[in-house]
Structure formats: structure tokens, C-alpha cells
Amino acid sequence: MIKKNALSEQFAEIGAYQELDEARQRIEQLVLEVTELRKAKQEEGQQEKLDRILQEVGRSAIERVLLDLIDPNPQQGRKTFHKQEIASLGRSLERDGQNEPILTYKQENDRHLIFDGERRWRAAKEIGWSDIEVVALPISEKILLEQPETLRRKTLISSRHKEKLNALDLAESLIAEISAEYGISRERIPTILNSAIVRFNRAKQLNRLSKSVTHSQEEQASDLDSFRAENLLKSKEESQIFAYLLSLQLNPASIAMQEFQYLNLFDDLKLAIRELDLKVTHAKFVQRLTAEKLKVSESEAKVIRGRLIQEIVEQDWSIAQTRQRVNEILNPPQPTQFSKEISAAIASITKIKVSPEEEPEALKALETTLKKKLKEIAKLFNSTSH
Amino acid sequence: MKLDNSMARMRIAILSNAGGAGKSTLAVHLAFLLSRLKQSVALFDLDPQGSLTQFTGSEKPLPSSTLSAILGDDNFLGNWRLKEVWTEQKVSGIYLIQGSIALEQTARELVLHPRGAYLLKDLLQDYPLNQDILIFDCPGTLGTLTTLALTAATHILIPVQLEPKSTGGAMELLKWLYDQFAKLRLEPRPKILGLVPSQYDRYTAIHRNYLEQLQPIKAQLNLTCFPAIRNSKEFKNASEVGLPLHLHRPSHEAGGDFKEIVSAIKNEIERR
């Protein structure tokens, strides 16, 4: 029996995608119109359109970007900026703050190209601001082709801010994207990457790999060609994974040795990383507390891990403290072994049945011996004050 | 930069998120019916399985006569490897560019090409075809080859089987499309002509149920759901002999199932 209206739930979700796409189209259209007005050197009407762009994009899209990462747009009209104008704008920024974000296009290396707001950008620099509020615009093929500076697509396509994701989220999203892009099954991706990195390591080429990270797209393509020619990369899948990571300016070796390591963390640890702010580095130690090593059931192991996580987070333990505690849990101090003699004596004394059946003479003799020994022990304890 | 004047009037991509949804069937039948309306058609087989070769009764192509040869040709000068089909049946104006397993390699290589996703579109722009309508038959996955068709298309048709996996896949496909429109900066967006329920058996409750559930898609998402193409073994028989149903069994009712789709395409041609 199929759920009634199973599809109509999905329609609603698709509707949201449609609306988002329609908003994008409106923005693209407005950006085109403003560009046309600028070409025609027509001031009138520009501001209204710029305002509408901001409305469409919404306040949620505002980010703070370092002034140093923003470039003026050589293709745009107005080129003279009078000192007094900038100074006065600077004063008003200081007094009232920034009312509206400037509009930019994203470029390679996380740089931005100004679409609107160069005066505010210059003014902000004059008054010594370090960053400024920005809205980065979605752009279309048409605009792209007219502005060759914006041609680096792959960086633009990734709308995530890589540095804002923790290692775990980054790892998971990379796996998902690589799997979707190339059809490689998710479980195999870290293994494939690892064998390639091991090969690079053995051939002492890891340095070369790190240099490749900051190369341009064309240079990266030719780097990959060389790697393949030198048999450093042996399969198409290895090439694809490398190409993808490099295009996002991520070092495949770091990803393999750090981020992808976190994929194997237990679910309860991943949850703690996300919700309780457990640091990924600490989580790696807690991961050692497996049910096997602890010799308990899965659920008990989870409880033990949970308790430890709580301590780590609440008391803000350092890595060293975490590591030490994990070791203690895994290797509890052994109870001291008694000497063979004493252990045997304790054992036989414990075994003796004290009952009316025993010969009273024998029990009396045992009592005397024990009392004597007790006196000796007490004397020793008193003198060494245990 | 005006792009459309030099390119074919309509370029229809047939996409689905599942194999066996009826893409190739739809492709060859639309091609045939459009040629009856005096439109010349070029079929592009973007599927490594190359089913259009079978469906048109064509010979297995030489590697150099395939779409992958075109896409991999750094010195392409417009030799489109068009093969006219159904000429024995006195049909004219329908051409095929055949697919092959080599397309899988092509897909992998395109990833490393700076304009990989736009390659087909770029070639069509630089070396325009003379045919009125281009139909891109895509593989049943949302990967590089499908993207290639998407960037080159003006219109999209989505065949969907009325089974849970296929309809779910179609919903995912729609979301993917809206995402891709932005990612690929498609300007203008290809128009989604609609969904084409395929292999419909009205005696199967699940089919009836899903067909009913798809109907509100017009009201809710402004997407057309065309009348279903029925499940008929005659379609299979026709494909086995490499003919459209209309040539294999001219009087068979199922041939009329495409009427609305052809009508919609005709309207689009007239609007342009």
C-alpha cells in the first residue's frame, strides 16, 4: 500500500528549489541591466536596480570579507574618486556604520571582484577598517563571458566556505561530492586516495604535490599529466580525486592524513563533535575506547565514551589530559601480586571450616598461631605507620 | 553575445535518473513524428550503452564514427558523423550520431577539460548543424554526459516509470536540475517541457496510483505531466527490428500516445 500523496510532499521541496532558482534569475537579470546602463554611461535607474538586487539576495547572504581580498573592477565606469568624497564617505561610515553591503563576484583564491561599492571600499580602507560587509552575487554565463576575471569556475561553484567547516564536515562533504561527481563508491574513496599518497611519499614527491595546490587550473591540469606520466598516479579514479581536491585548493595529502581519518569515528563521537563541540583531535583518542578493548558490550562502551566526552568538554581538557585519561581507562593499574607463600596461606586459611565438628584442640591451636601472627603484623605496621 | 541564431531552433534533452525509463523509446518516436511534420531531426546518443543504434536498426559504428570521437577530437572541424536512418522505409530527414562505450572514457576526460561541461554546446555553436531539431538521448545517471546535454539544450523532457524508485528519482532529478541551472550558469535556462509517464499499465494499481499522484504537479510546480505512454510489447518488438512503432505496426493504438508531446513541441517551434 503506497502512502497517499507521497509525491506531493516532494513537490513542496521542489517548489522551494524553483523559487530559489527564480530569485537567482531575477538577480542575474538585474545585474545585466545595471551592466548595460553602465556601458551606456547612464546613471539614472542604476541605484533602484542595485537596491532590488539587495532585496532579492536577502540579509542572510551577507558575509564579512577582508578589504585586502577585494579587488576593484577595471571594467567598470567611474574611475575618478575625489579625495574629499572618499574622506567624507569615510566619516559617515565611522559615524553610522555600513548600511548596505557592497556587491561582488567571487573569484579564485577567495578573492572578490567589486560589482558595486568601490567608493565604500576605498573609504573603508582610508579609515583603517580591516573588513567590510559583502554580498557575493550568483552570476550567469553571459556576465561571465563579459568579465574574464570571473572565469575560474570551480572555486565559484563551491559555495561553501571551506575554512568554516570543521574537518569532519569537510571530509563528509568531499566524499559526497566526489562520489556524486565521478560515481566512485564512498567507501573506496579514502582507500584510493591513501594508496596514491603512499606512492607519492615513497617517491618523495609530497612537496611537489603541495606546490600544486596553489597553481592555476591550467597548471594543475598539467601537473596531473606529469604525475600520470611518472606513474605517481596510476588510475583514473586517483586522478579524478586529486583533480577535484586540487581544484578546491586542498592538499590531497592533508586530506588523506587528517580529514579523511575522521570518517571512521563512531557515530556517537561524530554527534558529539557536531553538537557538544568536542574537538576532532580529542575525538581521535576517545575512539580508542572500543567495546573490544574495554571488554564490555557496545552500549556499555558508548556509555563510557559518553561519560569521558562530558568530562573533556565540561572541563575543557587538553589533548595531553585526554590522551592520559584514555590510557588509564584502557590500562587500569594491576592489583599487586602477593608473594606465593602468603597467597597460599590466605587461601588455605580461608578454606578452613570453623564448625563444631572440628576438634576444639585443633581450633584452639589455630587461634593461638593466628593471634601470634596478628601481633607480629601489627608491630610491623605500627613501626612503619601504614 | 548572441548564441541562438546559428544553432538549431530546438535542442531537446531527454533525461531521467534511472535506467529503463523510456528515454530512447521517446527519442526515436519523437524524431519520427517530428519528421512527419516536415522537421529535420538529429538524434545524439549520449548513452554509453548506445541503444539508439539498436532502436534505429543501424549498424554498430566504427569508433571513429561515434559521438565520443567527436568530443575527443581536438581538431574537430564540423565532421558530425551523421547517419541517416530508416532510409529503407523511405523516411528522410532523420539523422543519428551514434553512442558507444567509449563515452565513458570521454566523460572521465571531460572533467579535466577547462570547458568540459560546455563542450557539446561550444561545438554546436562553432559548427552548427542544419537540422531543425536536435534530440539528446542521455544515460540514466546525473553525471558528466547528462550535464553535457543540459548545457546544450533549450528544452528538457523527463520520462518516468510509475514505480517508486523511478518516480522518486524523477523528483531528485528536478532538484538536481534547479541546482545545475545555477551551477552551470545556464542563461537562458532550458525549459522543462514536462514529465512523460512511461510504460503505463492501467491494470496495475501502483501505476494508477502514481499517475494520479503526479497530476497536481501542474498546479503546484507549473510543470506539465503529459498523458502516459502505455506499456506495450509492441514497443519492444518494434525496437527489436529497429523501427518506430508507427512503421512496425502503423495501426497500433499506442502510436497515438505521443500526440500531446509532439503538439507541445510544435507550439514551442512556432513560438520561437
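How many helices and strands does the secondary structure of chain B come to? Chain B has 12 helices and 7 strands. Helices (H or I, at least four residues) and strands (E, at least two) are DSSP runs, numbered from the N terminus.

Before going on, the ground rules. This is a predicted model, where local features need pLDDT of at least 70, side-chain atom pairs count only at pLDDT 80 or more, and totals for chains, interfaces and linings use all residues. Residues are numbered from 1 along each chain as its sequence is written, chains are lettered from A and ligands numbered from 1 in the order in which they are written, and side-chain values use heavy atoms, with hydrogens and water left out.

Now the two chains. Chain A comes to 19 helices and 5 strands. Of its 386 residues, 39% count as buried. In chain B, 61% of the 272 residues are buried. Buried means under 20% relative accessible area, exposed over 50%, partly exposed in between (1.4 Å probe, protein chains only).

Contacts next; a contact means heavy atoms within 4.5 Å. In chain A, take the contacts with a separation of 6 or more: 68% are between residues 24 or more positions apart. For chain B, among contacts between residues at least 6 apart in sequence, 77% join residues at least 24 apart.

On to the cores. A nonpolar core is a set of buried Ala, Val, Leu, Ile, Met, Phe, Trp, Tyr and Cys residues joined through side-chain atoms within 4.5 Å. The largest has 58 residues. Phe44(B), Trp80(B), Phe136(B), Met171(B) and Leu177(B) have the most contacts inside it. Helix H7 of chain B, residues 164-183, gives the most to this core, with 8 residues. Look at Met171(B). Leaving out residues up to four places away in sequence, Met171(B) touches Leu7(A), Gln10(A), Phe11(A) and Ile14(A), plus Leu195(B), Leu214(B) and Ile217(B). Another core, of 37 residues, lies apart from the largest one. Its members include Leu52(B), Trp86(B), Leu243(B) and Ala254(B).

Stay in chain B for helix H6, residues 144-152. Is H6(B) enclosed or open? H6(B) is largely enclosed by the rest of the structure, because 9 of its 9 residues are buried. Among them are Thr144(B), Leu148(B) and Ala152(B).

Helix packing in chain A. Helix H1 (residues 6-39) and helix H2 (residues 46-57) of chain A pack at about 160°, with axes 9 Å apart. Axes are lines fitted to C-alpha atoms, for helices over the stretch in contact, and angles run from 0 to 180 degrees between N-to-C directions. H1(A) and H2(A) are therefore roughly antiparallel, a label for angles over 145 degrees. Residues making this contact include Ile27(A) and Leu30(A) of H1(A), and Leu50(A) and Ile53(A) of H2(A). By class, the contact has 9 nonpolar, 1 polar and 6 charged residues. Ala, Val, Leu, Ile, Met, Phe, Trp, Tyr, Cys and Pro count as nonpolar, Asp, Glu, Lys and Arg as charged, and the others, Gly among them, as polar.

Last, backbone angles. Most residues other than glycine have a negative phi. Asn231(A) has a positive phi, near 65°. Asn231(A) sits in the loop between helices H10 (217-229) and H11 (236-247) of chain A, and is partly exposed at 47% relative accessibility. Lys90(B) also has a positive phi, about 65°. Lys90(B) is in the loop between strands S3 (83-84) and S4 (94-97) of chain B, and is exposed at 75%.

How values were computed. Parallel < 35°, antiparallel > 145°, perpendicular 65-115°, else oblique.
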